[in-house]
Amino acid sequence: MGRLTRSLTGLGITALALLTTLPAQAGSLEMQVYPAIDTQTARCPESVTVNEKPQPYREGGYTIDGSANLSQLADRFTVASADEFSVTWVGTLKPAYRQCKATARIVKNDDEAYLSNSYLRLRFTGGKVYLILDMTGMSDANGLTTAILRKGVRNGNPIWSWGGTD
């Protein structure tokens with residue numbers, strides 16, 4: 001009986017660890033592109049996919065690493081602006097999409113409907129594309145605003161890390 005109790009306790013601890021990291025689970029995020037009403041004839045992508053991956057669990061919090069390989073849409077991404085709660089990258093659209101005027105938000109996470117606040121958004125305007133990571137309204141298990149931990153550009157594409165407490 002003692003061995004069964006220890007096994008069930010171990011399973012319970014494992015399940016609790018998985019549940020506490022559930023908000024940190026992410027993968028392939030599909031962003032649906034919505035053309036502007038006044039430029040419906042301009043060529044825009046239908047959707048854009050970005051990736052996020054949780055770092056290994058550490059007691060007390062979680063961290064998500066993200067990257068957006070947008071080289072098929074634009075070149076020369078830079079961090080355009082940043083503060084404690086958001087970061088915006090900007091890149092020059094390639095000629096095929098230069099006239100695109102649209103926005104985008106997360107609609108799927110690993111092929112499942114995403115119904116939460118879209119903390120990642122895109123704007124296509126003026127021959128540029130803007131990727132916005134915004135923690136406004138995002139909270140962790142303790143009711144604290146999630147934090148942007150890293151922001152930059154690697155190989156010409158946006159990268160980031162964000163996280164919270166559990």
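This is a predicted model: local features need pLDDT of at least 70, side-chain atom pairs count only at pLDDT 80 or more; totals for chains, interfaces and linings use all residues.
Colleague: What are the ground rules?
Modeller: Local features need pLDDT of at least 70 and side-chain atom pairs pLDDT 80 or more, while totals for chains, interfaces and linings use all residues. Residues are numbered from 1 along each chain as its sequence is written, and side-chain values use heavy atoms, with hydrogens and water left out.

Colleague: Why is the pair Cys44 and Cys100 called a disulfide?
Modeller: The cut-off is a pair of cysteine sulfur atoms within 2.5 Å. The sulfur atoms of Cys44 and Cys100 are 2.1 Å apart, so the pair meets the rule. The count by this rule is 1 disulfide.

Colleague: What makes the disulfide right-handed?
Modeller: The torsion about the S-S bond of Cys44 and Cys100 is about 115°, so the disulfide is right-handed.

Colleague: Which parts does the pair tie together?
Modeller: Cys44 sits in the loop between β1 (28-35) and β2 (47-54). Cys100 sits in the loop between β5 (86-93) and β6 (102-109). The pair therefore ties together parts 56 residues apart in sequence. Strands here are DSSP runs (E, at least two residues), numbered from the N terminus.

Colleague: Are Cys44 and Cys100 buried or exposed?
Modeller: Buried means under 20% relative accessible area, exposed over 50%, partly exposed in between (1.4 Å probe, protein chains only). Cys44 has 17% and Cys100 has 2%, so both are buried.

Colleague: Why is Arg76 called exposed?
Modeller: Arg76, in strand β4 (residues 74-82), has 61% relative accessibility, so Arg76 counts as exposed.

Colleague: What does Arg76 touch?
Modeller: Arg76 touches Val90, Gly91 and Thr92, not counting residues up to four places away in sequence. Contact means heavy atoms within 4.5 Å.

Definitions and conventions:
Helices (H or I, at least four residues) and strands (E, at least two) are DSSP runs, numbered from the N terminus.
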